[in-house]
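Welcome! Here is a short tour for anyone meeting this structure for the first time. Take a moment to look it over before reading on.

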Amino acid sequence: MGKFFWAACLVSVFTASWALAGNGPETVDLKAAYKVEGKKSAVIFPHHKHQEKVECAKCHKDVKGGGPLVVDIVKLTSSSNDFHKKFCWPCHVEMKVPKGKSCKTCHR
Ligand code: HEC
Ligand code: HEC
Ligand code: HEC
């Protein structure tokens, strides 16, 4: 194998992983990410699935995606937590997501 071949391989590996990192993780365990305490089962947020239906800027302050969310998530306990009240539920209602407020849709 020539040097060029290996160089080309490295470049394609780097660009592929950069492209993936650009869209962020496929899923996010929000209980772990936000260190939420409580008895409800962890919410595994289907991030890439949302990207197929919703623009980055609907959720991220930066229109290109990544970085902070459009709302500040401060309260993390009980059913009146900020994920429910300010972020996940309002959009599910607005976009008429089937069973968008049913506990088991998110807490599997
Ligand atoms: C659209 C998604 C979604 C739905 C629907 C949803 N939740 Fe949540 N809930 C979350 C997220 C995100 C968190 C914070 C991350 C985590 O705890 O995994 C959370 C956290 C919680 C918490 C605080 C953490 C804990 O373990 O005590 C409670 C209590 C809770 N939810 C109860 C409910 C109940 C009851 C329902 C049904 C009425 C429900 N949730 C429906 C997304 C949802
Ligand atoms: C429906 C809401 C939603 C949409 C749409 C969305 N994201 Fe995200 N994104 C999140 C959440 C929630 C997280 C994880 C929690 C957090 O970062 O605070 C996240 C995390 C990320 C991360 C990781 C950030 C980090 O600090 O680890 C990147 C990168 C990212 N998103 C990029 C994008 C891009 C690019 C788009 C558009 C193609 C997009 N997101 C669309 C909600 C969304
Ligand atoms: C800006 C709008 C928006 C926000 C914010 C949002 N969602 Fe969604 N969500 C959607 C839409 C639209 C769908 C329907 C996707 C489809 O039909 O494939 C959906 C579907 C889902 C589903 C079902 C996916 C499936 O497999 O059928 C889950 C679980 C979910 N959302 C969790 C969450 C959680 C947890 C949050 C908050 C951390 C959240 N969503 C925030 C728009 C949103």
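The report below goes from the overall chain to its ligands and then to a few single residues.

**The chain as a whole**

What you see is a predicted model. The protein chain has a mean pLDDT of 87, with 81% of its residues at 70 or more. One stretch needs some caution: over residues 9-20 the pLDDT stays under 50, and the model has zero contacts there beyond four places in sequence.

The secondary structure consists of five helices and two strands. Of the 108 residues in the protein chain, 3% are buried. Among the contacts between residues at least 6 apart in sequence, 23% join residues at least 24 apart.

The table sets out the shell of residues around each ligand.

| Ligand | Residues around the ligand | Nearest residues |
|---|---|---|
| Ligand 1 | 24 residues | K31, G38, K40, C103 and C106 |
| Ligand 2 | 17 residues | G24, C56, C59, G65 and G66 |
| Ligand 3 | 19 residues | K53, K58, C88, C91 and V97 |

Let us take them in turn. Around ligand 1, the nearest residues include C103 and C106. Two or more residues of this shell come from each of helix 2 (30-33), helix 4 (82-94) and helix 5 (103-106). Helix 4 gives the most, with five residues. By type, the shell around ligand 1 divides into ten nonpolar, ten polar and four charged residues.

For ligand 2, the largest share of the shell is three residues, and these come from helix 3 (residues 47-53). Seven residues of the shell around ligand 2 are nonpolar, nine are polar and one is charged.

Which elements each supply at least two residues to the shell around ligand 3? They are strand 2 (44-46), helix 3, helix 4 and helix 5. The largest share, five residues, comes from helix 4. The shell around ligand 3 is made up of 13 nonpolar, three polar and three charged residues.

**A closer look at helix 4**

Helix 4 gives five residues to the shell around ligand 1 and five to the shell around ligand 3, so let us follow this helix from end to end. Helix 4 has 13 residues and reaches 17 Å from its first C-alpha to its last, close to the 18 Å expected at 1.5 Å a residue. Where does helix 4 bend? The bend, of about 45 degrees, is at C88, and a proline, P90, follows within four residues. C88 is also one of the residues closest to ligand 3.

After helix 4 comes K96, a residue in the loop between helix 4 and helix 5. K96 is not a glycine, yet its phi is positive, at about 50 degrees. Most residues other than glycine have a negative phi. Another example is K35, with a positive phi near 50 degrees; K35 sits in the loop between helix 2 and strand 2.

Are these two lysines buried or exposed? K35 is exposed, because 7 other C-beta atoms lie within 10 Å, and a residue with 12 or fewer counts as exposed. K96 is exposed too, because 7 other C-beta atoms lie within 10 Å of it.

C106 is among the residues that come nearest to ligand 1, and its place is in helix 5. C106 is buried because it has 22 other C-beta atoms within 10 Å, where 20 or more are needed. Leaving aside neighbours within four places in sequence, C106 is in contact with V43 and C88. The C-alpha atoms of C106 and F45 are separated by 7.6 Å, although these residues are 61 apart along the chain.

C56 is among the residues nearest to ligand 2 and lies in the loop between helix 3 and helix 4. C56 counts as partly exposed because it has 17 C-beta neighbours inside 10 Å, a number between the two cut-offs of 12 and 20. Beyond four places in sequence, its contacts are V63, K64 and G65. The C-alpha atoms of C56 and G66, ten residues apart along the chain, are 8.0 Å from each other.

Methods. Residues are numbered from 1 along each chain as its sequence is written. Chains are lettered from A and ligands numbered from 1 in the order in which they are written. This is a predicted model: local features need pLDDT of at least 70, side-chain atom pairs count only at pLDDT 80 or more; totals for chains, interfaces and linings use all residues. A residue is near a molecule or strand if its C-beta atom, placed from the backbone, lies within 6 Å of it. Ala, Val, Leu, Ile, Met, Phe, Trp, Tyr, Cys and Pro count as nonpolar, Asp, Glu, Lys and Arg as charged, and the others, Gly among them, as polar. The expected span of a helix is 1.5 Å times one less than its number of residues. The bend at a residue is the angle between axes fitted to the seven residues ending there and the seven starting there. pLDDT is the predictor's confidence in each residue, from 0 to 100. Two residues are in contact if their C-beta atoms, placed from the backbone, lie within 7 Å.
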